[in-house]
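Student: Could we go through this structure together? I would like to begin with the charged side chains and then turn to the strands.
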Amino acid sequence: QVQLVESGGGLVQPGGSLRLSCAASGSIVSIYAMGWYRQALGKQRELVATITSGSSTNYADSVKGRFTVSRDNAKNTVYLQMNSLKPEDTAVYYCNTRLQIRPGMFVDYWGQGTQVTVSS
């Protein structure tokens, strides 16, 4: 089993910044990628940003230029630096870790979610 512990959510004013962290622990064999997804009230969960073990990144168009995903491979930790936050960024943010079981086969683990609220 893999456990993901998230931290860093909260309430921030529009234009402000927050930094999310997620540490993975447990039976970690090979992490293919880590990242963040979010789910706003009444909407489906969507990708925010991911980063592979080789540091390739992928961002949702809505956050490009404002959010930065990074990871510390030694600590199995992924970060999301969120700048210039907008009210539409308000959502529960979920950490995701994708483990590679064998070539072409992956298993996803999810954190419990952390609330980010952008409001004046």
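Predicted model: local features only at pLDDT ≥ 70, side-chain atom pairs only at ≥ 80, totals over all residues.

Student: Where do D108 and R98 sit in the chain?

Tutor: D108 belongs to strand 10 (residues 105–110) and R98 to strand 9. The two residues are 10 apart, and the pair links distant parts of the chain.

Student: Buried or exposed, or something in between, for D108?

Tutor: D108 counts as partly exposed, because its relative accessibility is 34%. R98 is also partly exposed, with a relative accessible area of 31%.

Student: How many salt bridges does the structure hold?

Tutor: The structure holds five. Salt bridges with shared partners join R38, E46, R66 and D89 into one network.

Student: Which salt bridge do R38 and E46 form, and at what N to O distance?

Tutor: Their side chains meet in a salt bridge at 2.8 Å, N to O. R38 is buried, since its relative accessible area of 6% falls under the 20% cut-off. E46, at 35% relative accessibility, counts as partly exposed.

Student: And what is the N to O distance for D89 and R38?

Tutor: The salt bridge between the side chains of D89 and R38 has an N to O distance of 3.0 Å. D89 lies in the loop between strand 8 and strand 9 (91–102), while R38 is in strand 4 (residues 31–39), so this pair ties together parts that are 51 residues apart in sequence.

Student: Is D89 buried or exposed?

Tutor: D89 counts as buried, because its relative accessibility is 0%.

Student: Changing topic to the strands: what is the strand order in the open sheet of four?

Tutor: The order is 1-3-8-7, and the pairing is antiparallel. Strand 1 (2–7) and strand 7 are the edge strands, each pairing on one side only. From one strand to the next, the twist averages 15°.

Student: How many bridges hold strand 1 to strand 3?

Tutor: Strand 1 and strand 3 pair over six bridges in the antiparallel sense. As one point of contact, Q3 has S25 in strand 3 as its bridge partner.

Student: What about strand 3 and strand 8: how many bridges there?

Tutor: Six bridges join strand 3 (residues 18–26) to strand 8, and the two run antiparallel. Within that pairing, R19 stands opposite Q81 of strand 8.

Student: Which residue is the bridge partner of T68 in strand 8?

Tutor: The partner of T68 is Q81. Strand 7 (residues 67–72) and strand 8 are joined by six bridges and run antiparallel.

Student: How many residues separate strand 7 and strand 8 in their hairpin?

Tutor: Four residues lie between them. In the turn, N76 has a positive phi of about 50°.

Student: Why is strand 8 described as largely enclosed?

Tutor: Five of the six residues in strand 8 (residues 77–82) are buried, so the rest of the structure largely encloses this strand.

Student: In general terms, what do strands of a sheet pair through?

Tutor: Strands of a sheet pair through backbone hydrogen bonds, and the pairing may be parallel or antiparallel.

Note on methods:
Residues numbered from 1 in each chain as written. Heavy atoms only, no water. Buried < 20%, exposed > 50% of the residue type's maximum accessible area, 1.4 Å probe, protein only. Pairing = 2+ DSSP bridges. Axes fitted to C-alpha atoms, helices over the stretch in contact; angles between N-to-C directions. Salt bridge = Lys/Arg side-chain N within 4 Å of Asp/Glu carboxyl O.
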